[in-house]
Amino acid sequence: MRLRCGARTLDLSHPVVMGVLNVTPDSFSDGGKYLEPEAAVEHGLRMAAEGAAIIDVGGESTRPGAAPVPVEEELRRVMPVIEALAGALAGSGVVISVDTSKPEVIAAAAAAGAGLINDIRALSVPGALEAVAATDCAVCLMHMQGEPSTMQLAPRYENVVDEVRTFLLERVRHCRTVGVSADRIVIDPGFGFGKTLEHNLELLRRLEELTGTGWPVLVGLSRKSMIGRLLGERPADERLHGSVALAVISAMKGARIVRAHDVAATVDALKMVSAVQAGG
Ligand code: 9MG
């Protein structure tokens, strides 16, 4: 399984890590830490050295309750970081991803060397689908019920796995209709995005129903509140072991990309999964 990300191609025959780089003042676990471009680039390069295959640069917090950011501000936050990382990581094989829903940011990031568009709104913003189609970037289509500002108020599903899968396959169909080739598409159930703890656990328990579709699956569970709750309301900076455990469970169930804050630990854990899977 290979994912075409602009000039680079990712080998997904074994699970890989996407390192989180939030250039925001208010993300839930690292908000404000990497707001200065120099600090953000240094952290991105550290995650690449630790083995991340993808660095995901985001300029708008997606935590529950987060407010939207104007396009000019999002561009001001992410573009210097993407430009610097694209230069520093040229030839390394590491893919730069941009976590955005805005067509203007998609176009600018792709022109600056990003190879993956990570969209929590699955290209539903007007113009986003066309913006991706005009590039040769890969795209991650994520499921979310509602919007970050309100999504955790009262999430409801009849059958969370069926509804998430149906939604994602429909978004894949839209992508294919505008000419995005199959080797550029990844799907993601969107853990914590308009889902209760029970919904998240059900999605994880039945993850094979998504990985079995044949589309590469990305999961983002790192440091999320479900881990805090399962460990007795642990704060975000004490969720490493829980995060690594869920990364391993996801990869064993076929996830190909694991979005993580703690790259070195997650890379080591996924190497264990690859070793076990290679023998099967
Ligand atoms: C930006 N972001 C935060 N959590 C995420 C998740 O679970 N998946 C993806 N694709 N992006 C996420």
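This is a predicted model: local features need pLDDT of at least 70, side-chain atom pairs count only at pLDDT 80 or more; totals for chains, interfaces and linings use all residues.

Student: Which element gives the most to the lining?

Tutor: That is α10, with four residues.

Student: And how many of the lining residues are nonpolar, polar or charged?

Tutor: Eight are nonpolar, three are polar and two are charged.

Student: Back to β2. Which strand is joined to β2, and how do they run?

Tutor: Strand β1 (residues 2-5) is joined to β2 by four bridges, and the two run antiparallel. R2 has D11 of β2 as its bridge partner. Two residues lie between the strands of this hairpin, and G6 takes a positive phi near 65°.

Student: Which residues of β2 are on the covered face, and which on the uncovered one?

Tutor: R8 and L10 make up the covered face, T9 and D11 the uncovered one.

Student: New topic. How many residues has the largest nonpolar core?

Tutor: It has 70, and L21, I55, V57, I82, L85 and L123 are those with the most contacts inside it. Helix α2 (residues 71-88) supplies the largest share, seven residues. Another core, of 15 residues, lies apart from it and includes L12, I54, L116 and L218.

Student: What is L21 in contact with, leaving aside its neighbours within four places in sequence?

Tutor: Among its contacts are Y34, M47, I55, V57, V81 and L85.

Methods. Residues are numbered from 1 along each chain as its sequence is written. Side-chain values use heavy atoms; hydrogens and water are left out. Ala, Val, Leu, Ile, Met, Phe, Trp, Tyr, Cys and Pro count as nonpolar, Asp, Glu, Lys and Arg as charged, and the others, Gly among them, as polar. Buried means under 20% relative accessible area, exposed over 50%, partly exposed in between (1.4 Å probe, protein chains only). Two strands pair if DSSP finds at least two bridges between them. A nonpolar core is a set of buried Ala, Val, Leu, Ile, Met, Phe, Trp, Tyr and Cys residues joined through side-chain atoms within 4.5 Å. Contact means heavy atoms within 4.5 Å.
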